[in-house]
Structure formats: C-alpha cells, structure tokens
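Trainee: Could we walk through this model together, starting with the overall fold and then going into the details?

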Amino acid sequence: MSAKTSDWDAALYHQVSSFQEGWARRMLDERVPLAGDETVLDAGCGSGRVTAMLIERLPRGRVVGVDAAPSMIEHARQALAGEPTLITADLTELTPELLRERAGVESVDLVFSNATFHWVADHDSLFRALYSVLRPGGRLVAQCGAEGNVQAFGDVVESVASEDPFVAHLTGWDRPWYFSSREDAERRLAGAGFDPVECWITDFEAAPEDPRAFMRASGFAPIFERLPAGLHDEFADAVFARLEEPIVFHYVRLNIDAVRPDA
C-alpha cells in the first residue's frame, strides 16, 4: 500500500490479501521473465507476501521493498527471512539518491507493483519517480485499480459517508484512491519518458471469504482513520446492509507495461 494515510492494519491485511497475492503471482508467471540476478523494486510492498515471491525468483538478485505505511514495512521485515531491504517512503518521493542512501543501489532493473497505484493520487509524480530509479532499458510492470473498479461498492460507501453520524467526520475529506483510465495512464507514462508504453484493462468478479475483514484491511482503512473507533462497526454495518448477498466485488484492473528507453 502507498496511501496518504498514517498507517494500516498490516497483520489483518496480510491475513486477507490472498486476492492480491494471486494477482501478483499471475503477473510474475505471465509477464515478468526473470533470469534470477536482477535488482527489483517492489513498489508498494505491503505486508511482504509479494516481496517473498520476488525473493524466491531472484536467488542471485536483490529485492528492495518500498511502502508508505510503517506497519506494513515492520510486518514485512518480521515475515521475511534474512535481512530484506525495506524502505518506508512515499512512492512519489523516490529518487536515485534516496535509494543509494537507504538501499545501497541507485537504479533497478525492474519496478514491479501490484494493487498499489490506485492509492497514489498524483500519477504524474509517481511515474516520474519510478522512471528516475529505473536503469536505461528497465521495465515497469504493474497492475492496479482502473476506472470503474468496485464501482457499485464505492457508490454505497460514498452514500453512507454522506449521512449522519459519519458525515461530520468525513466532510471535506479527499478520497485517497484514484482509478485511472487506460488513456490517462498511457499519457502520463509517456509524459514521464517511458517508451514503449502498453496499458490494457481486465475485469473479473470475486467474492472474499470474509468481506468485512477484507474491507476493514483495505477499502475501509482510510475511512476508519477519520472516524472515531466507536463508529467503525456502525459504518461497516450500514454499508453491508445495502449490498446484496453474497458480497461480490467487480474488479476493473489497469495493467501497465512500460520501458525506460536505453538512450
């Protein structure tokens, strides 16, 4: 995760993030051929489940995990064997100098990101930062929420947030997610210097085994940061009371494959 919130419930997220882990595994299997000696940046490493997969595939390489949430980095550090390189930082603030000071490298062969970019509002700054830490010829491979992602669920959340007793705590709050269109992503990536750029959309439906825990660890997290603890369950009750059973989320995902040119 890389949201503009102070922190997340990393332990709960680790327990319920099997969807995200499955997405990442398919990305690695289908889109990321690795020789095993590359240096890879896990952009939005979360609790470390995906970082662990990268480490397994890079026996002679190196993985640098970056996440904005301190609890995520701490959980990943405890969960991963050895001494992984993990950095608490906002992805938009990455620079070669920061990597050199905190990871001992100035550039990476691959930036890999799974289910993170929609938590970053400023995609222009995001793509410029990731471009800056890629070596010439390096790749950005990512997947995140796209325009229309979990729209029905989001509409219910927005409706409940506008009602008493929640509205007093959420009025004027800027929603911390940004679901980009394919066209916007391609334009912003090209503007950052990537060439070639390929973006495409995939969608599917999925039903979490425990939708309340799943949303408490993900979509509700930035909302609960603003609400008093005594209103957390009431807010969740109000949202799920308006959803049809079984709870099924319609995911729309933006896939990114972009290269920093050699020249």
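Trainee: Happy to begin with overall size: which radius of gyration does the protein have, and what would a compact globule have?

Mentor: This is a predicted model, so local features need pLDDT of at least 70, side-chain atom pairs count only at pLDDT 80 or more, and totals for chains, interfaces and linings use all residues. Residues are numbered from 1 along each chain as its sequence is written, and side-chain values use heavy atoms, with hydrogens and water left out. The radius of gyration is taken over C-alpha atoms, and the globule rule is 2.2 Å times the number of residues to the power 0.38. For 263 residues that rule puts a compact globule near 18 Å, which agrees with the protein's 18 Å.

Trainee: Thanks! How many helices and strands does the protein have?

Mentor: Both are DSSP runs numbered from the N terminus: helices are H or I with at least four residues, strands are E with at least two. By that count the protein has 12 helices and seven strands.

Trainee: What share of the residues counts as buried?

Mentor: Buried means under 20% relative accessible area, exposed over 50%, and partly exposed in between, with a 1.4 Å probe and protein chains only. Of the 263 residues, the buried share is 55%.

Trainee: Which residues touch the most other members of the largest nonpolar core?

Mentor: A nonpolar core is a set of buried Ala, Val, Leu, Ile, Met, Phe, Trp, Tyr and Cys residues joined through side-chain atoms within 4.5 Å. The largest one holds 36 residues, and the members touching the most others are Phe117, Leu140 and Ile256.

Trainee: Which element gives the most to this core?

Mentor: Several elements each supply at least two residues, including strand 5 (134-145), strand 7 (249-259) and helix 9 (182-192). The greatest contribution, six residues, comes from helix 6.

Trainee: Leaving aside neighbours within four places in sequence, what is isoleucine 256 in contact with?

Mentor: Contact means heavy atoms within 4.5 Å. Among the partners of isoleucine 256 are Arg31, Glu198 and Cys199. The list also includes Phe127, Val141, Ala142 and Leu189, along with Phe117 and Leu140.

Trainee: Where is alanine 115 found, and is this residue buried or exposed?

Mentor: Alanine 115 is not a glycine, yet its phi is positive, at about 55 degrees. It belongs to a second, separate core of 28 residues that also includes Phe166, Trp173 and Phe235. Alanine 115 sits in the loop between strand 4 and helix 6, and because its relative accessibility is 3%, alanine 115 counts as buried.

Trainee: What is the phi of valine 150?

Mentor: Valine 150 lies in the loop between strand 5 and helix 7. At 17% relative accessibility, valine 150 counts as buried. Its phi is positive in a residue other than glycine, near 35 degrees.

Trainee: Which helices do the buried residues of helix 12 pack against?

Mentor: Helix 12 covers residues 232-241, and its buried residues include His232, Phe235 and Phe240. Their packing partners are helix 7 (151-161), helix 8 (167-170), helix 10 (211-216) and helix 11.

Trainee: What is omega for the cis peptide bond that joins glutamate 245 and proline 246?

Mentor: Proline 246 is in the loop between helix 12 and strand 7. A cis bond also runs from aspartate 195 to proline 196, with omega near 5 degrees. For glutamate 245 and proline 246, omega is about -5 degrees.
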